[in-house]
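Hello,

Here is the structure I promised to pass on. Please open it next to this email; my notes come after it.

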Amino acid sequence: APVRRPLMAGNWKMNLNHLEAIALVQKLAFSLNDQQLTDVEAVVLPPFTDLRSVQTLVDGEKLLIGYGAQNLSPYQSGAYTGEISGPMLAKLGCQYVVVGHSERRAYYYEDDALVNAKVAAALANDLSPILCVGEGLEVREQLGHVAHCCDQLDAALKGLTPEQVEKVVVAYEPVWAIGTGKTATPEDAQEVCGALRQRLVETYGQGTAERVRILYGGSVKAANIAGIMAKPDVDGALIGGASLDAEEFVQICRFPE
Ligand code: PEP
């Protein structure tokens, strides 16, 4: 079986100022460092305004924690008031950037073409996009979830080489499970994550597909992570609410114990 290092990524959304960010990362990282938790990759995804503080802390203390942003511009620079570019994030030491989160698709009208451009912008700057796909409740009830997610995957990765696709992290996040307390069952998660990997096999080949990490996201917490991680095509989790609590997030990262 391919070795994919499990990834636990905490999406803070629009929470925590830079002082609160420092406090949380300190708590988190000291606890992770103490436990020599190197089998699992732990990453935080704070608001833009926190990133410089997080960088200083992580570098200064050599913390075993990665970080990234929640969004980026599809453009490299220029007259795009209010936007943040890939080069800016790379300069801050970000390794990851979330692209196509369902909240951005729904509230900021991000369509597949824009998501595709953002994935390309991330890769052009050596950032791994954490590409979110997922169906709403209506699509799930009509049993269109697998096709919907595979279509979103195809559209987001359009034009990429297999080498580029290997750097992408895919996150399956059923919209009906985000922030609702309704977790998908491990079987639901595996059904879609397995189908997404199969689609990667068909488009980019077995070798590439086996190296891409596919995460599940949607009301993940310490109490349900082990069952989800037991599934063969789930390589980690994207964690919203529970990532704001240091103890809960560390517990999630300790799922193998
Ligand atoms: C998310 O928004 O990526 C997410 C998974 O949120 P929550 O864990 O709060 O459902």
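Predicted model: local features only at pLDDT ≥ 70, side-chain atom pairs only at ≥ 80, totals over all residues.

**Binding site**

The unreviewed UniProt entry lists a "binding site" at Asn 11, Trp 12, Lys 13, Gly 179, Ser 219, Gly 240 and Gly 241. These positions span 231 residues in sequence, yet no two of their C-alpha atoms are more than 13.8 Å apart, so they gather at one spot.

**Asn 11**

Asn 11 sits in strand E1, which covers residues 7-11. Is Asn 11 buried or exposed? Asn 11 is buried, because 26 other C-beta atoms lie within 10 Å and 20 or more is the cut-off. Leaving out residues up to four places away in sequence, Asn 11 touches Leu 45, Gln 70, Val 98, Leu 238, Ile 239, Gly 240 and Ser 243. One of these, Gly 240, is also on the UniProt list.

**Gly 179**

Gly 179 lies in a loop. Strand E6 (169-172) is on one side of that loop, and helix H9 (186-204) is on the other. With 13 other C-beta atoms within 10 Å, Gly 179 is partly exposed. Which residues does Gly 179 touch, not counting those up to four places away in sequence? They are Gly 240 and Gly 241.

**Ligand shell**

The ligand is surrounded by 13 residues. The closest are Asn 11, Ile 178, Gly 217, Gly 240 and Gly 241. By type, the shell divides into seven polar residues, five nonpolar and one charged.

Best wishes

Key
Residues numbered from 1 in each chain as written. UniProt positions renumbered as here; feature names shortened; annotations may be inferred. Helix = DSSP H or I, 4+ residues; strand = E, 2+ residues; numbered from the N terminus. Buried ≥ 20, exposed ≤ 12 C-beta atoms within 10 Å, placed from the backbone. Contact = placed C-beta atoms within 7 Å. Near = placed C-beta within 6 Å. Nonpolar A, V, L, I, M, F, W, Y, C, P; charged D, E, K, R; others polar.
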